[in-house]
Amino acid sequence: MFQIQNLKYKNILDIPDMLIESGKTTCIIGESGSGKTTLLRLLNKMISPSKGEILYNSIPLSKTDSIKHRRNVVMLSQSPVIFEGNIKDNLQIGLKFSEKPLANDTELISAMKIAQLDKPLEFNAEQLSGGEKQRLALARILLLNPDILLLDEPSSALDENTADLITKALVEYSQENNKTLIMVTHSISIAKKYSDKIFKLYQGKLIQEVE
């Protein structure tokens with residue numbers, strides 16, 4: 001699905017070859033500053049390589065429409081944006097931005113369940129804790145129903161048990177709906193437990209690939 005060829009980005013990443021398969025759960029691990037987030041941003045076409053190419057379904061990203069790509073390959077950042085209003089407003093706003101039909105309450109609650117967010121739809125989103133805001137943003141991108149989910153430390157603000165529950169739910173959701181899950185995580189145990197493949201980055205280089 002994603003094929004990286006001789007990729008370089010400034011002095012941050014240098015990856016000669018890397019393949020991320022469709023329909024799998026792929027985890028990217030490594031120390032802080034190793035280039036993990038930069039790699040996700042490249043896959044999302046938020047930034048472009050300094051050299052080399054990234055192919056998506058055999059087509060160079062440089063030749064694809066950025067907006068269409070990001071609607072199909074959706075990224076959740078470490079610091080998700082929360083808008084004014086209640087939880088329901090925040091869940092629907094992603095659909096509005098993407099010009100997709102709004103979801104009904106059952107669909108909203110279903111997405112919240114996967115994200116382990118147990119709050120009323122009318123609850124003020126700005127009063128949520130940091131971890132709850134992270135889960136709200138996760139539910140928001142699930143409603144977009146993209147083919148590929150790019151998650152940057154989706155459990156960084158969560159305790160170990162909640163992180164495990166959310167990752168398990170995400171992997172099950174991805175498998176049941178034929179989605180591709182690409183996740184940066186600081187937890188090696190979660191990566192080993194749930195991923196089909198693990199890539200380890202060190203100082204911008206791919207140093208390890210674990211099946």
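**Figure 1. Burial and overall dimensions of the protein.** Buried residues account for 50% of the 211 residues in the protein, which is shown here as a predicted model. The C-alpha trace spans about 50 × 35 × 30 Å along its principal axes, and because a compact globule with 211 residues would have a radius of gyration near 17 Å, the 17 Å of the protein agrees with that expectation. The accessible surface comes to about 10600 Å², with 46% of that area belonging to carbon and sulfur atoms.

**Figure 2. Secondary structure and contacts along the chain.** The protein contains seven helices and 10 strands. Of the contacts between residues at least 6 apart in sequence, 68% join residues at least 24 apart.

**Figure 3. Strand β8 and its side chains.** Strand β8, formed by residues 180-184, is mostly covered, with five of its five residues buried. Thr180, Ile182 and Val184 point one way from β8, whereas Leu181 and Met183 point the other way, and all are buried. In a regular strand the side chains alternate between the two faces of the sheet.

**Figure 4. The strands that pair with β8.** Strand β3 (residues 25-30) pairs with β8 in the parallel sense over four bridges, and within this pairing Thr26 stands opposite Ile182. Strand β7 (residues 148-152) also runs parallel to β8, to which five bridges join it; here Leu150 has Ile182 as its bridge partner. Between β7 and β8 the chain passes through helix α6 (residues 160-176), and this β-α-β crossover is right-handed.

How values were computed. Residues numbered from 1 in each chain as written. Predicted model: local features only at pLDDT ≥ 70, side-chain atom pairs only at ≥ 80, totals over all residues. Heavy atoms only, no water. Buried < 20%, exposed > 50% of the residue type's maximum accessible area, 1.4 Å probe, protein only. Helix = DSSP H or I, 4+ residues; strand = E, 2+ residues; numbered from the N terminus. Pairing = 2+ DSSP bridges. Right-handed = clockwise from strand over helix to strand, strands pointing away. Rg over C-alpha atoms; globule rule 2.2 N^0.38 Å. Contact = heavy atoms within 4.5 Å. Areas by Shrake-Rupley, 256 points an atom, 1.4 Å probe, with all protein chains shown as cover.
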